[in-house]
Amino acid sequence: MDQNRSAVAHLLRRAGFGASGAEIDAAAKAGYEATVTALLAPTGADPGAAATPLPGFPAMKVPKKGSAQSDYQMVGWWLARMAAVTQPLVEKRTFFFHGHFATSIQKVASPGYMVQQNQTMRTLGGGDFAALAHAIVRDPAMMLWLDSAGNTLKAPNENLARELMELFTLGVGNYTEDDVRAGARALTGWRLDGNGKATLVPKLHDDTPKTILGRTADFDDTSFVDWILQQPASPKFVTGRFWDRFGMPGPIPADVSGRLLAAYGPNRDVTELLRALFLDPVFQGPQARYALVKQPTEYVVGVLRALKIKVDASADSKDNQALRTALNGLGQLPFYPPNVGGWPEGTAWLTTAASQTRFAFAQWAVAKGDLSQVQNSSPSQRIDAVAHLLGVDAFTDRSTAALNEVVAEPAQLVTLALLAPEYLVN
């Protein structure tokens, strides 16, 4: 096996949604480090993003009539964009932040607010983590999701302050209940105006001194976020979350942690953090290879990209319905995280029910996709051809034996390959 090509394939799976054999071959020719640079600092406009512009939803709660159509269009738009982009790390990083700052349309009830938050994550997600954290605290969707739009001097709501520390910046055990109560007071006074903009109403804000994490000051939302990001636990927590989703499960190794913390640095630079992660010897080593189970959205988008399926994102399209059915069945519909903690990970996705849904989706995708690379190969070469098509390094002997049973039927062969263990992991 070509180890350079295998390493590049691993990188493209983690930094995007997989890659075809042709894309892997081109990246391997360019070299591993050059591919990392190209992923992190792409040149020129992305034609796939240009072809999937942001939907024009109003930035406010939509009336019940027609809201389902807007919801379908919103989900279909993001899936279409993830499938179409030529700079996939931007969308993969946005998808990561969608799970990190998990917010659901079910409570927010505004596709406009959800798409606005999605674009904030896309625009700010590669820079200073502090800039994104500040924006999220005043984000209309987050304000509705965690009730901070009703947070007043007389009745401080603790939801956003708690999750800001527990899930977004510090982690469990690095703050107290007194810190939560004081943080809630720091976040008081913000409202959404008639145009869907976050606005501070001074008379509703608590401007008295508050003690948070050992410091007493007249904290407001800005100084509160700045202070918690200065805590030693914050960079460890943030870098650990990135490693968990892009690297491998389990505690982050001490040597890896040190390298990622140095890259993240005082500027909290997400791009430099990802650069260090992708260049890390442990990430490139055998223990990280295929260590993550593909999340359903990663799986579905990867299939769309591999089979060159162009998604019709209109609300009433058959494509939209098929993708929504698949992702609902697999347990991960974008914009619908189950709670503020986001989605599960790992083997939680490998259930019997999910296998049945995955099979139905694979059949749909094969009927719609481009199988010419496999169809035009001789039966003796088709297993290699389907591995190349899907970007799989190699199938195990067991998978190869199963695939050999259907080499005479290209559609069945690709369907079975999409269900093979080698394709279900990253």
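**Close-up 1. Surroundings of Gly247 in the predicted model.** Leaving aside neighbours within four places in sequence, Gly247 is in contact with Arg14, Phe242, Leu277, Phe283, Ala288 and Leu292, as seen in this predicted model. Gly247 has its place in helix α14, and it counts as buried because its relative accessibility is 0%. Tyr72 lies 175 residues from Gly247 in sequence, and the two are 32 Å apart in space, C-alpha to C-alpha.

**Close-up 2. Phe242 and the largest nonpolar core.** The largest nonpolar core holds 131 residues, and those with the most contacts inside it are Phe242, Phe278, Leu307 and Leu418. Helix α5 (residues 67-84) supplies the largest share of this core, namely eight residues. When residues up to four places away in sequence are not counted, Phe242 touches Phe96, Phe97, Gly247, Val270, Leu273, Leu274 and Leu277.

**Close-up 3. The largest cavity and its lining.** The count comes to four cavities of 30 Å³ or more, and the largest cavity contains about 130 Å³ of space. Its lining is made up of Lys92, Phe95, Phe96, Gly99, His100, Arg241, Arg245, Phe246, Gln295, Glu298, Gln332 and Trp343. The elements that give two or more residues to this lining are α6 (88-100) and α14 (233-247), and α6 gives the most, with five residues. Sorted by class, the lining of the largest cavity has four nonpolar, four polar and four charged residues.

**Close-up 4. The second largest cavity.** About 50 Å³ of space lies in the second largest cavity, which is lined by Val293, Lys294, Gln295, Pro296, Tyr299, Leu330, Trp349, Leu350, Arg358 and Leu424. The lining residues of this second largest cavity divide into seven nonpolar, one polar and two charged. Gln295 belongs to this lining and is also one of the residues that line the largest cavity.

**Close-up 5. The second largest pocket.** The second largest pocket contains about 160 Å³ of space, and of the 13 residues that line it, Asp244, Leu292, Val293, Glu345 and Gly346 are the closest to its centre. By class, the lining of this pocket comprises four nonpolar, three polar and six charged residues. Among the residues closest to the centre of the pocket is Leu292, which is also in contact with Gly247, while Val293 is likewise found in the lining of the second largest cavity.

**Close-up 6. Helix α22 and the elements around it.** Helix α22 (residues 382-390) is largely enclosed by the rest of the structure, because seven of its nine residues are buried. The buried residues of α22 are Arg382, Ile383, Ala385, Val386, Ala387, Leu389 and Leu390, and they pack against α2 (21-30), α18 (296-306), α21 (372-375), α23 (397-404), α24 (410-418) and α25 (421-424). Gly391, whose phi is positive and near 75 degrees, follows α22.

**Close-up 7. Helix α13 and its start.** In helix α13 (residues 221-229), the buried residues are Asp221, Phe224, Val225, Trp227, Ile228 and Leu229. At the start of α13, a side-chain oxygen of Asp220 reaches to within 3.2 Å of the backbone nitrogen of Thr222.

Note on methods
Residues numbered from 1 in each chain as written. Predicted model: local features only at pLDDT ≥ 70, side-chain atom pairs only at ≥ 80, totals over all residues. Heavy atoms only, no water. Buried < 20%, exposed > 50% of the residue type's maximum accessible area, 1.4 Å probe, protein only. Helix = DSSP H or I, 4+ residues; strand = E, 2+ residues; numbered from the N terminus. Polar contact = N/O pair within 3.5 Å; in protein donor to acceptor, adjacent residues only side chain to side chain. Core = buried A, V, L, I, M, F, W, Y, C linked by side-chain atoms within 4.5 Å. Contact = heavy atoms within 4.5 Å. 1 Å grid on protein atoms, 1.4 Å probe; cavity = no way out; pocket = protein on both sides within 12 Å on 5 of 7 lines; lining within 4 Å. Points joined across faces, edges and corners; volume = space filled by probe spheres on them. Nonpolar A, V, L, I, M, F, W, Y, C, P; charged D, E, K, R; others polar.
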